[in-house]
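Hello,

Here is the structure I promised to pass on to you. Please open it first, and then read on for what turned up in it.

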Amino acid sequence: MYSQGLIGADGKTEETEEFLAKFQARIDREEKIEPNDAMPEGYRKTLVRQIGQHAHSEIVGMLPEGNWITRAPSLRRKAALLAKVQDEGGHGLYLYSAAETLGVTREQMTEELLSGKAKYSSIFNYPTPTWADIGTIGWLVDGAAIMNQIPLCRCSYGPYARAMIRVCKEESFHQRQGYEILISLCNGTEEQKQMAQDSLNRWWWPSLMMFGPHDAESSHSEQSMKWKIKRFSNDELRQKFIDATVPQAEYLGLTVPDPELKWNPEKNGGKGGYDHGPLDWDEFWRVVKGGGRMNVDRIKARKKAWDDGAWVREAALAHAEKRATRRTQQAAE
Amino acid sequence: MSAPLFNALLELADDHLILGHRVSEWCGHAPLLEEDLAMPNMALDMIGAARSLYTYAGELEGEGRDEDQLAYLRYDRDYKNCLLVERPNEDFAHTMLKQLYFAAFMHPYWEAALHSSDETVRGIAGKSVKEVAYHIRHAGEWVVRLGDGTEESAQRMQAAVEALHPYVEEQFHMSSDAQAAADTDALPDREAMRTQWTNTVSNVFDQAKLTMPEVEYPQLGGRTGHHGEEMGHLLSDLQYMQRAYPNMSW
């Protein structure tokens, strides 16, 4: 892993006004910032936090979908779901590696996740009680993730931007796969349609919350926009998502659970868009702060995997050391 | 239709489905992230092979049963997998050893099946032989690491060997259907894999500092549907949707 040499490296900078202005000028010229480049501490910290959260979301995100692997209703769906959950793990690995280029280790980040210090996307604190949820997660959750992540392919930090190109390609496949599950349900029996509608009812609002608080209440947004880590505001992306998704729900014959949803031809500078009802921000903050249905269970599952696997990781290290010692001894003989 | 070949293909397909199911139970719960990627990969290989085998078995049967009807809609006594593959995961040592035992058998089996008199079997073998070579490597390397790692890992690895070794013998047994399929050269003779299996596993055990136990009482019965208590629970998971919502498309 090329990032290893950077872990613990002294990335300290003397942040004079001249230094900051020069850095901002590079950003404004759309130059990519690379691991060995000097960067303001705030830039580094923002990226470590964001990439770490993103990686954790991929890893925790394996759990709600993993819940259905052994119970998938057909072998084709089972294979696709396995591949999908495996992709999420791969994204996690990719992103941890990108974060490592900023001087933190995967172990540090994992410990922060397990101790509750680091956050992950709140959407994964909702349960998946039915098979339809596997379709809905692909369609809405991966759909919202793509909306958030496409602009990240142009993020100013090189390793993150490059990682996101591949991640977005796979997410786009997942989104279509999820939608296809729902097409099967909506073309199926009455029970299947009900299962799909019930799932949309539960996931619609949490998916809209994935874009984060209103712009006015988003604490990190302004500086991130200036550094070109972030390219669009939370509300802009949320609106884009709603406008793209409502016709997809109509095609499925499902009802979006928002009585105030209404086409507004004036919106988006005259291009038209949907007006929507208010989001329940109390629920949003409750889940962010740990009070969602699955917050405790998700971390418990991750902690169990980590603790139960400790002896395996220790054995792998011990074995590697034994081999290295034997090689040195053989060379000396 | 060839009833013995149909039944012999089901034995193989069930082995792959059930072991694939067990490996897939790890997804999201592995000891390290790299294994969260590797284990679904192996599960995908196993389930992929099962799909090809069920589909072909269904074609031979000629009664319109597809891969899902064969995989999901039989009773417990009708599953013909060997007992080894249905054993619970227990810990990572058991899981990797089970995979090694199975792959060490399937590799020479698929190699022999490359010369089958049956074209479809040759095709499935051609794909599977490459995958299973990788499973031997992956699981074998872990057995070595754990066997020759720490004191705890060595103990756990040897405990897995003691627990799973009684289930090895069944892999070499020939049911009357498997025998009939071997007589027409459609599928290989299972007994003929014994030497290569022993070579592969002994090689790993030497490096892993593990002892191959003598088994006085081998555990048999899977091929005739005499499964363990845990098989019903596995099937409750596997069959849940098909049983709860019958006759629907997914």
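B:Asp148 and A:Lys322 form a salt bridge, with their closest N and O atoms 3.0 Å apart. Please keep in mind that this is a predicted model. Across the interface of chain A and chain B, 3 salt bridges were found, and 16 residue pairs are in polar contact, counting pairs with both residues at pLDDT 80 or more.

By residue type, the side of chain A that touches chain B divides into 24 nonpolar, 11 polar and 11 charged residues.

Now to the interface as a whole. In terms of contacts, 46 residues of chain A meet 48 residues of chain B. Between chain A and chain B an area of about 4,000 Å² is buried, and carbon and sulfur atoms give 68% of that area.

The model has an ipTM of 0.97 and a pTM of 0.95. For chain B the average pLDDT is 97, and 99% of the residues score at least 70.

Enjoy looking around!

Best wishes

Conventions: Residues numbered from 1 in each chain as written. Chains lettered and ligands numbered in written order. Predicted model: local features only at pLDDT ≥ 70, side-chain atom pairs only at ≥ 80, totals over all residues. Heavy atoms only, no water. Contact = heavy atoms within 4.5 Å. Buried area = accessible area lost by both parts, 1.4 Å probe. Salt bridge = Lys/Arg side-chain N within 4 Å of Asp/Glu carboxyl O. Polar contact = N/O pair within 3.5 Å; in protein donor to acceptor, adjacent residues only side chain to side chain. Nonpolar A, V, L, I, M, F, W, Y, C, P; charged D, E, K, R; others polar. pLDDT = per-residue confidence, 0-100.
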